[in-house]
Amino acid sequence: MVLKKSLIVCTAVLALTSGTASPAKAGPWTRGFVVSNYEYAYRYGGPPKGEVEPGVDCPHGSSRHFVNDLLRKIALTRQKWRSQKEIDWILKPPGLDEIRDPGSVRTLILSRAISYRGYKPGIETYINPWAAEDPGQPEVTSRIADGFNLDGKIGPNDFVSPDGEKGIDNALYRAWGCDNPWRGDGNATLALRVNNAMQDGLYTMVIRISGNQDPMNDSNATVEIGYSPDKIVRDARGGIAQDFSYRILESAQYTRLKATIKKGVVETEQIEHLHIPRVAWFYDQTGEANFFKGKIRLNMGPDGSSVVGLIGGYRKLTDLYADASFGGSSDRGASGLDIFEHQDHVALFYALRRNADGLYNKKTGYYDAISTAYRIKASSAFIVDPDHPMDIPEIADQLWRKKAFEASKLNTIKGIETRVPQGAPPGSREAAYPALEAAITDLPSRDFFLKTLDRPHYPDGVGLDIDGNPIDDQGNRIDKGGNKLSTE
């Protein structure tokens, strides 16, 4: 039945499960949806189709970290242990004009340098953001935000919703709403990347709503939300095809909630743990998002063909930070995002810490979570149970990347909790290792950078290149016996 067009479904099943509307009447009913858009619920207050421009949300525009050599020099100068020669050569590597692809080599050198910005040499920045100086992150100043009143209170720092509800808790928007690749009027770089990846088959999230009264007005409805192993089906115009069937796995990344529906607005209960897929644009990032004190609000279209809404709750700082920092296929690690997207993940970490407002930790005196809201859009679909119990499928040749992602997260958490610097795990690609070693073979100043700049070190055969192959400590690919393989 999976991925079969609705026209072949029998009339009895159609009456029960179709995502399209039937005449309102009392009796059992079910509506299904497949999520097409899933991103942080940030509001953009700048000019139409803008991104960097100032607006009521971000008076100084988007973040501009590392956008030019002046800002890069400021970032490098914060480490008092760096020599002036090292800073000058990082910004303008001698001999760069004599080699092929100078732009890539320059970026790799900068990537390695900004990956070590701790209070002393040898501390990897992105695994240990707490050990670097806070560069400062521009934060949202607007008082209007989408979201929920998660704590039932109206505080002085709370937002007001677009329809006038006070006490809205969405501190993640205040912390990260001015971050360059997440800011825009429907054209934010990472929001587009996330939704394109999901629509292209990276993962699928589905919703099933059911009740016994009326789909538009039901005092005892049920909402199920979770992962589907079936890829999203596109129509001839590249949009999301309606009324195809998708399985929902009632295991990991799945939650069932009680709900009420009034005039097509679905409001769920607030529960201690809401488990759903997390925002991702590469396989290693995929997994479960846990919203503490989570709830969902959906607006169903009168014809039942679509829903739009919000998912809200408190998310752990370390989960959000790791999801944003360590996922992807970049050969530079998190520093690649910082350089190309004008982010600074150290600044993002401190912004999370400053604005955290949930899960108070008596031991540390800090909050461990931050209030959030995610925006979703979904199209009608048939949501069915699988023929037999099944787990979320794995991509075997990508598991090494997921392992490195999870190890990076664990090391980050350990470092934050203990204040003892942790290393970048093998396969994480932090500090552009071993990409830099391979790229600067012909650079006249190669020896200076290899000797001066810090990098991860692993026993031969433990480190991995960008394709997951074992390498020696110098970044050379080796065989099972530890012998260097020819690169010709």
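**Exercise 1. Which residue in β13 is the bridge partner of Asn37?** Then work out which strands pair with β13 and in what sense.

*Solution.* This is a predicted model: local features need pLDDT of at least 70, side-chain atom pairs count only at pLDDT 80 or more, and totals for chains, interfaces and linings use all residues. Residues are numbered from 1 along each chain as its sequence is written, and side-chain values use heavy atoms, with hydrogens and water left out.

Step 1. Helices (H or I, at least four residues) and strands (E, at least two) are DSSP runs, numbered from the N terminus. Two strands pair if DSSP finds at least two bridges between them.

Step 2. Take β1, residues 29–40. β1 and β13 run antiparallel, joined by eight bridges. The partner of Asn37 is Lys377 in β13.

Step 3. Take β11, residues 306–316. This strand is antiparallel to β13, with 11 bridges. Ile311 stands opposite Tyr374.

Step 4. Take β6, residues 245–247. Here the pairing with β13 is parallel, over three bridges. Ser245 faces Phe382 across the pair.

Step 5. Take β12, residues 358–361. Three bridges link β12 to β13, and the two run antiparallel. Tyr360 stands opposite Tyr367. β12 and β13 form a hairpin with four residues between them. Gly365, in the turn, has a positive phi of about 80°.

**Exercise 2. Why is β13 described as largely enclosed by the rest of the structure?**

*Solution.* Step 1. Set the cut-offs. Buried means under 20% relative accessible area, exposed over 50%, partly exposed in between (1.4 Å probe, protein chains only).

Step 1. Count. In β13 (residues 366–384), 14 of the 19 residues are buried, so the strand is largely enclosed.

**Exercise 3. Which residues of α8 are buried, and what covers them?**

*Solution.* Step 1. List the buried residues: Ala334, Ser335, Gly336, Leu337, Asp338, Ile339 and Glu341.

Step 1. Conclude. Seven of the eight residues of α8 (residues 334–341) are buried, so this helix is largely enclosed by the rest of the structure.

Step 2. Find the cover. It includes α4 (102–114), α6 (189–199), α7 (317–326) and α9 (345–355).

Step 3. Look past the end. His342 follows α8 and has a positive phi, near 60°.

Step 4. Turn to α7, one of the covering helices. In α7, 10 of its 10 residues are buried. Among them are Leu317, Asp319, Tyr321, Asp323 and Phe326. Gly328 follows α7, with a positive phi near 120°.

**Exercise 4. How do α2 and α4 pack, and which residues make the contact?**

*Solution.* Step 1. Compare the axes, which are lines fitted to C-alpha atoms, for helices over the stretch in contact; angles run from 0 to 180 degrees between N-to-C directions. The axes of α2 (residues 69–77) and α4 come within 10 Å and cross at roughly 30°.

Step 1. Classify. Angles under 35 degrees count as roughly parallel, over 145 as roughly antiparallel, 65 to 115 as roughly perpendicular and the rest as oblique. α2 and α4 are therefore roughly parallel.

Step 2. Name the contacts (heavy atoms within 4.5 Å). α2 supplies Asp69, Arg72 and Leu76, and α4 supplies Arg106, Leu110, Ala113 and Ile114.

**Exercise 5. Is Leu70 buried or exposed?**

*Solution.* Step 1. Locate Leu70: it is in helix α2.

Step 1. Apply the cut-off. Leu70 has a relative accessible area of 59%, so it is exposed.
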